[in-house]
Amino acid sequence: MTHEEYRKAIDIVIYLAGCAVNGSVPDKKRIDGTDLEILYKAADSHLLTAVVAYSLKKAGITDHAFEQAKAKSIRKVTTMDTYKKMLFKRLDQENIWYMPLKGTIIKDLYPGIGIRQMADFDILFDRNHAERLRDIMLELGFTCEHFDQSNHDVYYRQPVTNFEMHRLLFDDISDMYDYYLDVKSRLIKDEGDNCGYHFSSSDLYIYLTAHEYKHYSVSGTGLRSVLDTYVIWQKLGDQFDQSYIRTECEKLGISEFEQKNKSLALHLFGDGRLTEDDKLMLEYIIDSGTYGTISNSLKANVGKFGTGRSAKMKFLFRKIFLPMRYVKMLHPTVYRHKILLPFLPAYRVIRAVTVKRKETAGKLKIIKRLD
């Protein structure tokens, strides 16, 4: 697939995704002649195969790969919803407060089950009960993939259920950490649940924007997040306190991103009248894919140290000699047993040139090319 073929396919992906969330039937003439294999690859790179399949079906076009993707998405969401209900029932019984996050909420704003594809369910919980929660997850048949290594613990249950259980919304290396440290004070108690909570519509939007900014500013993000923003505004926009949103986004340092992200979403999937800023942001997002790219990540991180060769050297030095807050997140065993700290730089260098030699070589090539 050439870049030109990819871009043409992406335009169709955007059109079909917009049709799905706006409840309109696609014009089949706009799709005729499209290579469905290329269209699938383009949609898949942004985790939009299910929503595109939904619109293709409405246009009278059936494709096996797209239908399989939609069926898989429906099966995964349905299964994870079942275990989510089981988990919430247990947390209510154990008196452990919780709140669903991100896609776990957004998926229900889309026009059908499975249309918004999910990699995992994200749930915030009372971090004082992390060990008890681990016991509960094991009792429910999950395996613990990661525990106490970052701001969230990871659990998996065969064949398709992934839960990320968040102790905190942002880890302590994030600029958002302090703002969301005492997040429970911002939450609203659910009706009918013993320990369930939720954000107000405005705080939900602010958090989702802050989370999206984290991805966008580090390695880029994909079209699914832009579609999420559009759906949120369409479904919840009339509930937003826009003055409050502006004030809180300023506190978080994401005001400019929030305005540009909203503008792109409302124009791209709404009237189609993109501004110049919209077009610039769109190009970056299209080239990022769902979760960003290594190139975008390296460019952003090297840029924190300035420009030129000195910035690259400072970045590489920092990758070898980590600040303690990064040691805590990336090497928790070393953080707990600080006698190992003097050996960590050598370990990171040796691992980079042996176990991760191909990845390291690729990253060094990208860094060398950075302007």
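## Asp-172: how exposed?

In this predicted model, Asp-172 has a relative accessibility of 30%, so it counts as partly exposed.

## Where Asp-172 sits

Asp-172 belongs to the loop that links β5 (161-166) with α8 (177-181). Leaving aside residues up to four places away in sequence, Asp-172 touches Tyr-177, Arg-325 and Lys-328.

Arg-246 makes a handy reference point too: 74 residues separate Asp-172 from Arg-246 in sequence, and their C-alpha atoms are 24 Å apart in space.

## The sheet that holds β5

Strand β5 is part of an open sheet of 5 strands, ordered β1-β2-β5-β4-β3, and the pairing is mixed. At the edges stand β1 (98-101) and β3 (143-146); each has a single partner strand, so one side of each is left without a neighbour in the sheet. From one strand to the next, the twist averages 30°.

Leu-101, for instance, has Asp-122 in β2 as its bridge partner.

## Helices against the sheet

Two helices are worth a look here. Helix α5 (residues 64-94) lies across β1, β2, β4 (152-157) and β5, and runs at about 40° to β5. Helix α7 (residues 130-139) also packs on the sheet, where it touches β2, β3, β4 and β5. The direction of α7 makes about 10° with that of β4.

Terms used: Residues are numbered from 1 along each chain as its sequence is written. This is a predicted model: local features need pLDDT of at least 70, side-chain atom pairs count only at pLDDT 80 or more; totals for chains, interfaces and linings use all residues. Side-chain values use heavy atoms; hydrogens and water are left out. Helices (H or I, at least four residues) and strands (E, at least two) are DSSP runs, numbered from the N terminus. Buried means under 20% relative accessible area, exposed over 50%, partly exposed in between (1.4 Å probe, protein chains only). Contact means heavy atoms within 4.5 Å. Two strands pair if DSSP finds at least two bridges between them. Axes are lines fitted to C-alpha atoms, for helices over the stretch in contact, and angles run from 0 to 180 degrees between N-to-C directions.
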